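Hello,

Here is the structure we spoke about. Please look it over, then read the notes below.

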Amino acid sequence: MRRWLLRLAFLGCLCGAAISGPTGWRRPGRSPHFDRPGDVEVAGSFSIFHYYDVALLDFSSPPAGRPHSRGPGHPACPPPEESGPSSPQCFQLGYLAAQGFVFAMEEVNRNDHLLPNLTLGFSIRNSGDSVHGALHETLGFLTGQEEPVPNYSCGAGPPRVAVVGDTRSTLSMSMARLLGLYRFPQVSYASTLPVLSDKTQFPSFLRTVASDLTTSRAVTQLVLHFAWSWVGILAQDDDFGQQASALATQELGQAGACVEFSLQVPSQRSLEKTQFLVQKMQRCTARAVLVFVNNSNFELILRGLLHLGLGGWVWVSPDTLHMALALTVPGVSRVLQSSFGLSYHRSWMPGLPAFLAHLHPSRAPEDMFTVGFWEATFGCTWPHRSTTLAEGARFCTGNESLTGQELPFQKVSQTDVAYLAVYSIAQALHDLLSCEAQEGTCADPGQLQPWQLLHALRKVHFKTPEGSEVKFDVHGDLVTQFDIVQGQKTPEGAFRLAHIGQIDPRGCSGSRLSIHLQKDVQVPGSACSESCPPGFSQTPKQGAPHCCFHCSPCPEGQFADQTDMKQCLLCPVDQYSSPAHDGCLPRPEAFLAFQEPLGLALAAASLTLAGLAVLVLGTFLRHRDSPVVKANNRPLSYLLLVSLSLCALCALLFLGRPTAATCLLRQTTFAVVFTVAVSSVLAKTLTVVLAFRVSRPRGRAQVCLGPRASPSVVLVCSLVQVLLCAAWLGSSPPFPDRDLGSSPRLSVLQCQEGSGAAFSCVLGYLGFLAAGTFGVAFLARGLPDAFNETRFIVFSMLLFCSVWAAFLPLYHSARGKATVAVEVFSILASTAGLLGGIFTPKCYLILLKPGHAASARLRPGQWAQGEGTGRCSAAGVSPGPRYRAS
């Protein structure tokens, strides 16, 4: 764990070791630096050791009570009892950053293809983590003087072409303002302040890291990738915290996520304000928290949560140092459910661990920093630097070995500190000297100007030896990848940092970055409401953000095939929603088929009625000479029975799958055969009424009782209906259609009537005939009852009219197959009413009471004409006085 902390604290320690710069900077004697000559020279600015915070001095004498530098090679490193445990560690890390710079320079010089005829020299300077120190050393490099004079270069030496550094953004900004005046290239390896991307203020500044805003955007994209819709933000009340918080809030809002709280953390540590923030977090329900605060405040918040016994949060930070510090807090496992952080995807430097392991003061005597590094690493003092030893101290022997030493050597080999910066400068020099820059103009190495290198550096695009792509954007920021690191709990109960994926800005799609995660990563959730599964849609909670909602099931005919859908979607017209409402299924076709129970029952009833009508017809034909048959106008009775059998059979046209032929025949056949039946009844009724109203033989009314009168009535009435049906079929005939509205899950096959007006006219005419027949029969119900059938006609027509009067509202209110069933039932019921009401009494007399019919009493004065000649007995009545036949 210590190795991880040292590795992740590399940049953080350098950045956070001095929160505020020293109020004064004193440098008695010569400033230590490490120079190595070459054909061109590159400076490296590193915070190797710190100068002390002292009052403003006039630099004429050392301040009282403070040790001072003892000359070249002896930097003012604070003793452990004064500096605390962090100073030796920061000394080590700053020195290792400088040695990484040296390693990269030597690797470039060994490359025969990159700069074959050019040797890079360098000058490593110590900025002391001070703005004053950084400016002083930068001017010293530019002028070549120990005591620099601005705008004056002393001595002829190799061209000075670039500066690498510094670590903290405050130092880099001061250096960039100075170097920008001369268009002198500066490449930083750790400064991330967003304002440094402004090329108006810092025209010659580039960096091999992303800005804080880019990192914050990557963190926000990670939150969106995890599908967290309910998050909180902890932001420092400084420029970085405010800008990062505003960017995260904007991107989360545009993506549909909600920020439950955004708390401002004061830059100065305050226990009272921290407790207030912790109490506000306690009342919130968001489990994912974005962290844009410094290390000390973050640790203070964690301890406050631990004190209250709160836990379950998922911390997301743009810096792995936050995670490293969090994992060192005792009992942090009770607070952290998980944690995620980002680190730059660094280049591999495979030879650096061996290079660092073989460091020794005797190998590079010109390196003024190795002696102090040795003392800080092994806790000893060189004899030539001190003749007396403090209690518990010891002298350095030179036999100490860095091999196997608990230092961040092993992990530094996986990070790029100044490595990419050195290679970027070397590649730009290669392009410049090989005439690949400046439109083919070649530069002279001896007369190389910094602005020439700056032009080539902005356009540099190459791959490092291990394959990492290097390219700067228009703001001078490196287009870099991020490694995603998660704090995972081991089976032993400890936390460890594990690499779980990458964020690649180069593979972005629109406004989203390309994120690649390992498949087995366990990501906790953070949402205001539970996710709505497929089949449900979100219904917002009143007065709450849109991320807080209820899950409502989709209504019939709608579906939701994804989670957390804002509203349900309509199924296509030929489909219906599945039982779970998570998709649509094709609607099965439905029609009144012969195979189903209702269709089978109606078909059986139709055939039964038709059979009964045929049976009655056979009975009448067999007993055609009986008084009952003869008295009932045999031709009309035969025609009526045939039409009733056809009425019963026409119901079969309504059953089965609708086709073009059946749709044309259904209503027209029904209308014509029923018109024939009703007109036959009307003719019979008129014959009876007229027979009883005739007072004079051979009068004008007697003509209406002639043999051609009744067929004429039937023919004329039926011809009118035929003409109506012909007009209907000629103008807008019925056709097969699908009814998708009557049943949400069925596609009902039916016959569309075509012209509703024509269909109404056909039914209206049939109703008019039925009403006329009923009226005439009703008026004749009181006539003498010797074979008088008017009362039976009244009853049968009453049934007929009642059925069709009930049919109209039922037909218009029914849907789907029920519409067809209602019409078929009405056809069969009305047919049965006519057949039963008119012919049941006659069959009773013919079959069961034949003697009663033969001994009927007739009245004297009965007309002598027979049935064929139109005598009154044809109507079964006699208007004269009664006499009894023996």
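The crossing of α8 and α9 is right-handed. This is a predicted model, and the notes below should be read with that in mind.

Helix α8 covers residues 271-282 and helix α9 covers residues 295-308. Their axes lie 9 Å apart, and the two helices pack at an angle of about 60°. On the α8 side, the contact is made by L271, T274, V278, M281 and Q282. On the α9 side, L300, I301, G304, L305 and L308 take part. Sorted by class, the contact has 7 nonpolar residues, 3 polar residues and no charged ones.

Next is helix α15, residues 450-458. Which of its residues are buried? They are P450, Q452, L453, L454, A456 and L457.

Last, the strands. An open sheet of 3 strands runs in the order β23-β25-β24, and its pairing is mixed. β23 (589-590) and β24 (735-739) are the edge strands, each pairing on one side only. Strand β25 spans residues 747-752 and pairs with β23 in the parallel sense, over 2 bridges. In β25, S747 stands opposite E589.

Regards

Technical notes: Residues numbered from 1 in each chain as written. Predicted model: local features only at pLDDT ≥ 70, side-chain atom pairs only at ≥ 80, totals over all residues. Heavy atoms only, no water. Buried < 20%, exposed > 50% of the residue type's maximum accessible area, 1.4 Å probe, protein only. Helix = DSSP H or I, 4+ residues; strand = E, 2+ residues; numbered from the N terminus. Axes fitted to C-alpha atoms, helices over the stretch in contact; angles between N-to-C directions. Left-handed = near helix turned anticlockwise from the far one by under 90°. Contact = heavy atoms within 4.5 Å. Nonpolar A, V, L, I, M, F, W, Y, C, P; charged D, E, K, R; others polar. Pairing = 2+ DSSP bridges.
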